[in-house]
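Please keep the sequence and the structure in view while reading.

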Amino acid sequence: MYDASLWQPSADLSILQKRAQLLKAIRAFFDTRDVMEVDTQCLSLGSITDPHIEVLTSKTRSQGQDLTYYLQTSPEFAMKRLLCAGSGSIYQLGKVFRAEEIGRRHSIEFTMLEWYRVGFDHWQLMDEIQDLLSVLLEDASLTCERLSYQMAFLRHTGLDPFAATLFQLQKCAHEHTEYGLQENDRDTLLELLFSSVVEPAIGKYVPCFVHSYPASQAALAKTHLDEKGQLVAARFELYWQGMELANGYHELTDAKEQARRFAEDKTTRQEMRLANRQFDERLITALGNGLPDCAGVALGVDRLLMLLCHKSHIAEVLPFAHARA
């Protein structure tokens, strides 16, 4: 039923002024570094493969043909196609959509900052993110913490994620969450432990980069051997005050390997009995034509604004959130 009282903004006008200042400062940062802003489509005929992210769709009819468009969960695929076309370093600041439960930190529509730096690896990109945060926080002395995935796990669970047995992971997960004894997938157990035990404990005072994830969690990142000879993903996530803020990769450029990972995701989706969707084959074609060596990252702007303004709910930093949309 329509509620006439919900016409007003969900955020105070003072917060919306800070939001405008934040967007202006982000654009100024990239302008000084000669990184081009791009504005790719929100709707696409192809979608992501990730079995853990669900998408919103829009159906239409064109020239007698029924078409399904997917609202993009990230501009990543379109931006990589631009990189393959020779765009050079680029960034995008805009809306993305995910069909997930609305909550204190989640909205089905939110603002994402995503950028790609040609010639960078993930270590250099972490440096640039720290530079950006220093500007936005007006704190030139800001130094972000860096922890390997393995060290973060050892510190907060007592388990080595690379060496622990399946039984040890199940037992630890059950002790902390009451779940896990019937779970036989290592990555599912690792993700459960990370989200419930590790994530709340890191980045409490300064932002913290967690890097060198297991190779099985590489997603769209390259893999390499670390100093211990373990195969790890060249990716990182940024956490601050209990929230995930950013997810970055030294980007995979091998089209055949990317196609293999897409096929693996498709099989996982079928095993999980998830709805079938059209994966973005244009990305594979673009990669086949050559993606320059680069690193990329996606950062949640609304979450960052929550932290900057000391707000506990995402609705407090959005113009019209949830029921007010």
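Among contacts in the protein between residues at least 6 apart in sequence, what percentage join residues at least 24 apart? The share is 68%. The model examined here is predicted.

The protein contains nine helices and 12 strands. Its radius of gyration is 20 Å, close to the 20 Å given by the globule rule for 325 residues, so the protein is as compact as a globular protein of that length. Further values for the whole protein are listed below.

| Property | Value |
|---|---|
| Box filled by the C-alpha atoms, along the principal axes | roughly 55 × 50 × 50 Å |
| Buried residues | 47% of the 325 residues |
| Accessible surface | about 16500 Å² |
| Part of that surface belonging to carbon and sulfur atoms | 50% |

Charged side chains number 33 positive and 44 negative, and the centres of these two sets lie 2 Å apart.

The interior may now be considered. In soluble globular proteins, nonpolar side chains tend to be buried together. In this model, the largest nonpolar core has 42 residues. F30, L113, W115, I129 and L304 have the most contacts inside this core. Several elements give two or more residues to the core, including helix 1 (13-32), strand 6 (109-118), helix 3 (122-137) and helix 9 (301-308). Apart from this core lies another, of 22 residues, among them V197, V198, C208 and V210.

Which residues does F30 contact, leaving aside its neighbours within four places in sequence? F30 is in contact with V35, Y91, L113 and W115.

Technical notes
Residues numbered from 1 in each chain as written. Predicted model: local features only at pLDDT ≥ 70, side-chain atom pairs only at ≥ 80, totals over all residues. Heavy atoms only, no water. Helix = DSSP H or I, 4+ residues; strand = E, 2+ residues; numbered from the N terminus. Rg over C-alpha atoms; globule rule 2.2 N^0.38 Å. Buried < 20%, exposed > 50% of the residue type's maximum accessible area, 1.4 Å probe, protein only. Contact = heavy atoms within 4.5 Å. Areas by Shrake-Rupley, 256 points an atom, 1.4 Å probe, with all protein chains shown as cover. Lys, Arg positive; Asp, Glu negative; His and termini not counted. Charge placed at Lys NZ, Arg CZ, Asp CG, Glu CD. Core = buried A, V, L, I, M, F, W, Y, C linked by side-chain atoms within 4.5 Å.
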